Number of protein chains: 2
Amino acid sequence: MPYDPIAFPAVAVTVDLVALTIRDGVLAAVAIRRGEEPFLGEWALPGGFVRAGEDLDAAAGRELTEETGLTADRLHLEQLASYGAPRRDPRMRVISVAYLGLGPDLPLPVAGGDASGARWAPVDELLAADLAFDHHRILADGVERARAKLEYTPLATVFCEPEFTVAELRRVYEIVWGATLDGRNFHRKVTTAAGFLRPTGTTTTRDGGRPAQLYRRGDLQVLYPPMLRG
Amino acid sequence: MPYDPIAFPAVAVTVDLVALTIRDGVLAAVAIRRGEEPFLGEWALPGGFVRAGEDLDAAAGRELTEETGLTADRLHLEQLASYGAPRRDPRMRVISVAYLGLGPDLPLPVAGGDASGARWAPVDELLAADLAFDHHRILADGVERARAKLEYTPLATVFCEPEFTVAELRRVYEIVWGATLDGRNFHRKVTTAAGFLRPTGTTTTRDGGRPAQLYRRGDLQVLYPPMLRG
DNA sequence: TGAATAGTGTCTCTCAGACACTATTAG
DNA sequence: CTAATAGTGTCTGAGAGACACTATTCA
């Protein structure tokens with residue numbers, strides 16, 4: 001009997017966030033140290049209740065801005081999946097809608113509210129340890145989604161500065177995928193894919209060696225044929 | 001302040017189902033005629049509350065079995081996405097976790113419970129009309145997911161009988177994608193992809209003409225390189 | 001000058017798409 | 001026989017991967 005507005009079970013809905021960036025040469029995610037039970041003192045993903053009258057996307061965007069200060073134009077935010085195992089929160093039934101956020105490196109989020117600490121933590125480190133609730137699984141799913149999306153979208157560019165070189169973009173792929181790519185074939189691939197990159201006409205020597213063209217992200221939405229992981 | 005078990009807004013969580021099959025040569029979805037307000041008399045996707053102590057996947061599987069009688073071994077069921085716009089249900093806040101189910105053709109589901117009618121309806125027909133709530137969007141997302149997954153998984157086989165010919169499999173692709181494929185290139189692609197198909201050693205003439213090899217689905221999980229839509 | 005990084009050219013192999021051709025059944 | 005469908009062989013062009021080679025800077 002769907003949609004009976006009286007006899008529904010008591011459920012809370014939250015959004016949890018897999019917020020990724022590249023920091024110090026590794027893929028990193030925002031992790032919060034829990035300031036209360038359950039899982040007191042353990043690391044968890046940031047998240048919170050969906051407010052009354054608030055859309056799911058809006059709730060995720062709000063959480064992300066609260067945690068990182070990222071503004072919407074510099075990042076990518078998409079729904080990842082929902083997690084609702086009956087005992088995933090020991091206190092009550094909680095369904096969590098997880099979101100994946102990707103953005104450039106930023107100052108460390110400051111601790112506040114219920115969380116006794118927040119930091120950008122290397123993803124490998126988080127995945128090697130335990131996380132509160134089912135957040136290990138959520139993080140793993142988010143990282144895999146990010147890896148997959150680099151293959152067929154220009155999303156890697158959101159990890160870069162607004163103007164970036166081909167080598168800087170390549171380093172993003174290499175870090176996220178944990179593989180080395182041939183710089184020459186990579187260069188050919190991204191520069192001949194129409195609409196992927198828009199040349200600025202200027203160059204930089206910030207990476208050393210011969211000056212490199214600077215590019216901005218182009219209008220391309222889907223990269224076909226895709227980039228392939230080593 | 002996440003996970004405060006007292007002060008959470010009143011929310012109901014449902015699962016909605018995009019249940020697809022191939023029937024009479026077209027892609028069809030289960031549609032329910034609503035037996036009560038709101039949207040009384042309109043077509044909707046099947047769905048219902050997640051019960052206390054019930055996992056999301058289990059709730060989706062239960063709904064699917066109730067509606068179609070499909071048993072788990074003959075079908076594919078995966079989470080699609082969650083929909084939680086504040087006014088998507090006019091009575092109260094409802095978050096819906098949508099699932100995509102794919103399976104072979106079955107007898108028409110029988111009407112029962114709150115629904116005054118249920119049928120397999122051609123997807124094109126449903127998408128050309130209006131559906132209750134935001135179910136048009138959910139159905140469109142589900143169909144697009146199914147189309148995309150045929151490219152890189154052997155999922156098309158779940159629409160077939162346990163033993164099927166290459167041509168029958170090709171017809172699945174053609175119906176779901178709405179495109180014609182070259183039978184000769186298709187044959188080469190699926191028979192040379194290691195693990196996609198497992199030959200039974202028997203043949204059939206049920207499609208007319210020269211007898212065709214019968215196959216079962218193989219162990220392959222991901223098809224690489226993928227099949228391409230016309 | 002040499003070290004470092006950017007970028008081009010070329011070869012080979014895989015594979016998709018087009019399509020000629022052969023194979024095996026029913027009627 | 002013909003019609004229908006199954007299945008093979010062959011050519012072409014796009015593109016990935018390997019990698020030699022050239023270009024342009026800094027120290």
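This is a predicted model: local features need pLDDT of at least 70, side-chain atom pairs count only at pLDDT 80 or more; totals for chains, interfaces and linings use all residues.
**Entry 1: DNA strand C**

Next I looked at the residues themselves. I saw that 20 residues surround DNA strand C, and that the closest are A:Arg210, A:Gln213, B:Arg184, B:Asn185 and B:Lys189. Of the DNA atoms within 4 Å of the protein, 55% belong to sugar and phosphate. I also sorted the residues of this surface by class and got six nonpolar, six polar and eight charged.

Then I went through some polar pairs. The side chain of B:Arg184 has an N or O atom 3.1 Å from a base nitrogen of DNA strand C. For B:Lys189, I read 2.5 Å between a polar side-chain atom and a phosphate oxygen of DNA strand C. B:Arg210 has a side-chain N or O atom 3.3 Å from a sugar or linking oxygen of DNA strand C.

**Entry 2: DNA strand D**

Which residues come nearest to DNA strand D? I listed A:Arg184, A:Asn185, A:Lys189, B:Arg210 and B:Gln213, out of 20 residues around DNA strand D. Here H5 of chain A joins H5 and strand E9 (212-217) of chain B in supplying at least two residues each.

The side chain of A:Arg184 places an N or O atom 3.1 Å from a base nitrogen, and the side chain of A:Asn185 places one 2.8 Å from a base nitrogen. For A:Lys189, I found a side-chain N or O atom 2.6 Å from a phosphate oxygen of DNA strand D.

**Entry 3: H4 and H5 of chain A**

How do I describe two packed helices? I use the angle between their axes and the distance between the axes. I saw that the axes of H4 (residues 166-177) and H5 (residues 183-192) of chain A come within 10 Å and cross at roughly 105 degrees. Angles of 65 to 115 degrees count as roughly perpendicular, so I wrote down H4(A) and H5(A) as roughly perpendicular to each other.

I traced the contact to A:Val166, A:Leu169, A:Arg170 and A:Tyr173 on H4(A), and to A:Gly183, A:Phe186, A:His187, A:Val190 and A:Thr191 on H5(A). By class, I noted five nonpolar, three polar and one charged residues in this contact.

Methods
Residues are numbered from 1 along each chain as its sequence is written. Chains are lettered from A and ligands numbered from 1 in the order in which they are written. Side-chain values use heavy atoms; hydrogens and water are left out. Axes are lines fitted to C-alpha atoms, for helices over the stretch in contact, and angles run from 0 to 180 degrees between N-to-C directions. Helices (H or I, at least four residues) and strands (E, at least two) are DSSP runs, numbered from the N terminus. Angles under 35 degrees count as roughly parallel, over 145 as roughly antiparallel, 65 to 115 as roughly perpendicular and the rest as oblique. Contact means heavy atoms within 4.5 Å. Ala, Val, Leu, Ile, Met, Phe, Trp, Tyr, Cys and Pro count as nonpolar, Asp, Glu, Lys and Arg as charged, and the others, Gly among them, as polar. A residue is near a molecule or strand if one of its heavy atoms lies within 4 Å of it. A polar contact is a pair of N or O atoms within 3.5 Å; within protein, one must be able to donate a hydrogen and the other to accept it, and residues adjacent in sequence count only if both atoms are side-chain atoms.
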